[in-house]
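Here is a friendly note to read alongside the model. Please keep the 3D view open and find each residue as it comes up.

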Amino acid sequence: MGGWAAAPWRLGGCSGRGGLRGAARRWGSSRPGAGDRAATLSDLLQSSVEAEEPGAAAARQERRCPREGTVLLFPGQGSQFVGMCRGLQQYPGVRDMYRLAEKVLGYDLLSLCLEGPRDALDRTQHCQPAVFVASLAAVEKLNHLQPEVVERCVAAAGYSVGEFAALVFAGALDFAEALYAVKVRAEAMQRASEAVPSGMLSVVGRREANYKFACLEARKHCESLGIENPVCTISNYLFPDSRVIAGHLQALEFLQENARKYYFKRTKMLPVSGAFHTRLMEPAVEPLAEVLKSIEIQKPLLCVYSNVNGKKYMHSKHIQKLLVKQVVSPVLWEQTMHSVYERKQGTQFPYTYEVGPGNQLGAILKQCNLKAWKQYKHVDALEDKEPRLLLSEFCVSRARSQRESCFCADGAIPRSRGSVMEVLYLCMESVQGLTLCGARQHSLTSRVQ
């Protein structure tokens, strides 16, 4: 993973440190290709961290134009689909990642991603590790095709389990250690979801909608049915007027039946087995907390934003605390997007890349911040029909400055097949069949001397 380096430029009051090469070393230290490693879990979860290279401190002081920085977004559970990563195996390091994943997880994750069956892949205990590894494999693809995008990254954010991938990319977590933590988290959440009949309801509301009041009345309804200490609360803030409500099934059924009363325009049950990001996931807290205590966490080498409060992580203890709290706290994704892209009026927006299966985070970004979305690209986990570079305007401008000429052919980045974050397709009719960002695929054909 050589060549990863954060851009020495400030975004949202946070400086990207010229030293993501250190993150690359942590990543590389946990991969089989980095040296002979024993097959035991204790050996797999060891990592070594080298000191930051001389001169990095000076690089951190350098300021660059905001447009030259990049932001990476990592998807979460629900973006998985059978066949993902088929187009990523050709890139350096990806097969090593999946070999190591098999040792950590105890099953063949790559075969599950490529061949399914879908029911098995969609299970929480499997899909969370699958999305985690696929997203970082997509970073390998991006680093191979456009290394300057990775090197100039100044901020990252991940949706739910995607936050672990963002922290690995930022050098805060070792790949194998983070994957083991994701494994423990996913299995514990699977058990918690099976303990109580619960679910998640996607809601598109009118401006008059009062989601908290609706949840309160739904809980009262459950109490009238004899359910003690019922749960019904907002679990995901996606974009304006779009929420996901999670809790006991009886509460969600009550909200569907009384949607008009609470000014809900549309509601739909999501294909998940539990009320994620609510206190019904409390049984998963202790197992995750224990494993996070046992692994090494470092301060991120660039800004990584937490789902819990929408703010950047400050230090290792902060990461350990909030990753645990995230399991039972709502995902503040809308607020996170505002934090990432907050800037003075007239300041240019950075280029944004969603790395991994699905393009749902791009669709959400469009609803949260249209100007930021115009600089959005998706790094897919599907196989390209022919080798080509997916170049943004950022790369085109750099090519022109270096007297490179590019041939641009119209063509949409293919949408992911079988992704199940249905809330986006429910909330925005335009999302189905959406060609994000009017994306074009570019092939570099000549270099002018």
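1. Start with Tyr 263, which sits in the loop between α12 (249–257) and β8 (264–269). Tyr 263 is not a glycine, yet its phi is positive, near 60 degrees. With a relative accessible area of 40%, Tyr 263 is partly exposed. As for that wording, buried means under 20% relative accessible area, exposed means over 50%, and partly exposed is in between (1.4 Å probe, protein chains only).

2. Before going on, a word about what you are looking at. This is a predicted model, in which local features need pLDDT of at least 70 and side-chain atom pairs count only at pLDDT 80 or more, while totals for chains, interfaces and linings use all residues. Residues are numbered from 1 along each chain as its sequence is written, and side-chain values use heavy atoms, leaving out hydrogens and water.

3. Now look at Asn 229, in the loop between α11 (211–224) and β6 (232–239). Its phi is positive too, at about 50 degrees, although Asn 229 is not a glycine. Is Asn 229 buried or exposed? Asn 229 counts as exposed, because its relative accessibility is 57%.

4. Which peptide bond is cis, with omega near 10 degrees? The bond from Gly 116 to Pro 117 is the one to find. Pro 117 belongs to the loop between α5 (109–115) and α6 (118–122).

5. Lys 183 is buried, with a relative accessible area of 16%, whereas Glu 187 is partly exposed at 26%.

6. Next, find the salt bridge between the side chains of Lys 261 and Glu 217, at 3.1 Å from N to O. Lys 261 lies in the loop between α12 and β8 and Glu 217 in helix α11, so this pair ties together parts that are 44 residues apart in sequence. Glu 217 counts as partly exposed, at 22% relative accessibility. The structure holds seven salt bridges, including this one.

7. Finally, step back to the whole chain. How many helices and strands does the chain have? There are 19 helices and 14 strands. Of its 449 residues, 59% count as buried. Counting contacts (heavy atoms within 4.5 Å) with a separation of 6 or more, 78% are between residues 24 or more positions apart. The accessible surface comes to about 18,300 Å², and 47% of that belongs to carbon and sulfur atoms. Such areas come from the Shrake-Rupley method with a 1.4 Å probe; for residues, only the protein chains shown count as cover.

How values were computed
Helix = DSSP H or I, 4+ residues; strand = E, 2+ residues; numbered from the N terminus. Salt bridge = Lys/Arg side-chain N within 4 Å of Asp/Glu carboxyl O.
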